[in-house]
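Reader: I am new to this one and would like to go through it slowly with you. Please take my questions as they come.

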Amino acid sequence: MAFAGRHPLLSLALGGITLALIYNEIAGRLSGVRRLAPAQLTGLINRDNALVVDLRPAVDFEKGHIAGSKNVQMSQFDPENKQLAPAKALPVVLVCKAGESATAAAKRLRKAGFTNVGALEGGIQAWQGADLPLVKGRG
């Protein structure tokens, strides 16, 4: 309380940041999109034959991508895409560079009727940070 009395702006900033973090966590849990760690994604691919959709530009995809993933640029992303439509029953995991675009695209899939949708938390950067392999080329 003494700190709050002496530094009201810092205290307000701390309160605002705390509320923003709480809101972000609650919104993430209510969205219906699972945020997957790299190890969870590996298990989902091996166990449930998950469809991994990489939303990065083709140039980045060719430099390195998760084995078996399909490349669909974010500008061309459509839940009714011919590669995605047959996979409504399968787990679908979206991947981007850092995880933000994938989460937004996953929400669009949920609205289109996909039931088992996830996004790689931290994107390809998290995958590389976990020392997991990437495949070069078109895939």
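Reader: Where is the place of Ala-13?

Author: Ala-13 belongs to helix α2, which covers residues 8-30; helices (H or I, at least four residues) and strands (E, at least two) are DSSP runs, numbered from the N terminus. This is a predicted model, in which local features need pLDDT of at least 70 and side-chain atom pairs count only at pLDDT 80 or more, while totals for chains, interfaces and linings use all residues. Residues are numbered from 1 along each chain as its sequence is written, and side-chain values use heavy atoms, with hydrogens and water left out.

Reader: And does Ala-13 count as buried, exposed or partly exposed?

Author: Ala-13 counts as partly exposed, because its relative accessibility is 39%; buried means under 20% relative accessible area and exposed over 50%, with partly exposed in between (1.4 Å probe, protein chains only).

Reader: What does the protein span along its principal axes?

Author: The C-alpha trace spans about 60 × 30 × 30 Å. The radius of gyration of the protein is 18 Å, whereas a compact globule of 139 residues would have one near 14 Å; the radius is taken over C-alpha atoms, and the globule rule is 2.2 Å times the number of residues to the power 0.38.

Reader: Let's turn to the sheet; in which order do the strands come?

Author: The 5 strands make an open sheet with parallel pairing, in the order β1-β5-β4-β2-β3, where two strands pair if DSSP finds at least two bridges between them. β1 and β3 (70-71) are at the edges with a single partner strand each, so one side of each has no neighbour in the sheet. Helix α3 (residues 38-48) packs on the sheet and touches β1, β2, β4 and β5, and its direction makes about 100 degrees with that of β1; axes are lines fitted to C-alpha atoms, for helices over the stretch in contact, and angles run from 0 to 180 degrees between N-to-C directions.

Reader: What are the bridges of β5 like, and which residue of β5 partners Arg-35?

Author: β5 pairs in the parallel sense with strand β1 (residues 34-36) over 3 bridges, and there Ala-119 is the bridge partner of Arg-35. Strand β4 (residues 92-95) is also joined to β5 by 3 bridges and runs parallel to it, with Val-92 opposite Val-117.

Reader: Which residues of β5 point one way, and which the other?

Author: In strand β5 (residues 117-120), Val-117 and Ala-119 point one way, Gly-118 and Leu-120 point the other way, and all are buried. In a regular strand the side chains alternate between the two faces of the sheet.

Reader: What kind of unit do β4, α5 and β5 make?

Author: Together with helix α5 (residues 100-111), the strands β4 and β5 make a right-handed β-α-β unit; a crossover is right-handed if, with the strands pointing away from the viewer, the path from the first strand over the helix to the second runs clockwise.

Reader: How many residues are in the largest nonpolar core?

Author: The largest core has 18 residues, and Val-53, Leu-55, Phe-77, Leu-84, Val-92, Leu-94 and Leu-109 have the most contacts inside it. A nonpolar core is a set of buried Ala, Val, Leu, Ile, Met, Phe, Trp, Tyr and Cys residues joined through side-chain atoms within 4.5 Å. β2 (51-54), β4, α5 and β5 each supply at least two residues of this core, and the largest share, 4 residues, comes from α5. Another core of 11 residues lies apart from it, and includes Leu-36, Leu-41, Leu-44 and Trp-127.

Reader: Back to Ala-105, then: what is it in contact with?

Author: Leaving aside neighbours within four places in sequence, Ala-105 is in contact with Leu-55, Met-74, Phe-77 and Leu-94, where contact means heavy atoms within 4.5 Å. Ala-105 lies in helix α5 and counts as buried, because its relative accessible area is 0%.

Reader: One last topic: where is Asn-49 found, and what is its phi?

Author: Asn-49 is in the loop between α3 and β2, and its phi is positive, about 55 degrees, although Asn-49 is not a glycine. Its relative accessibility is 57%, so Asn-49 counts as exposed.
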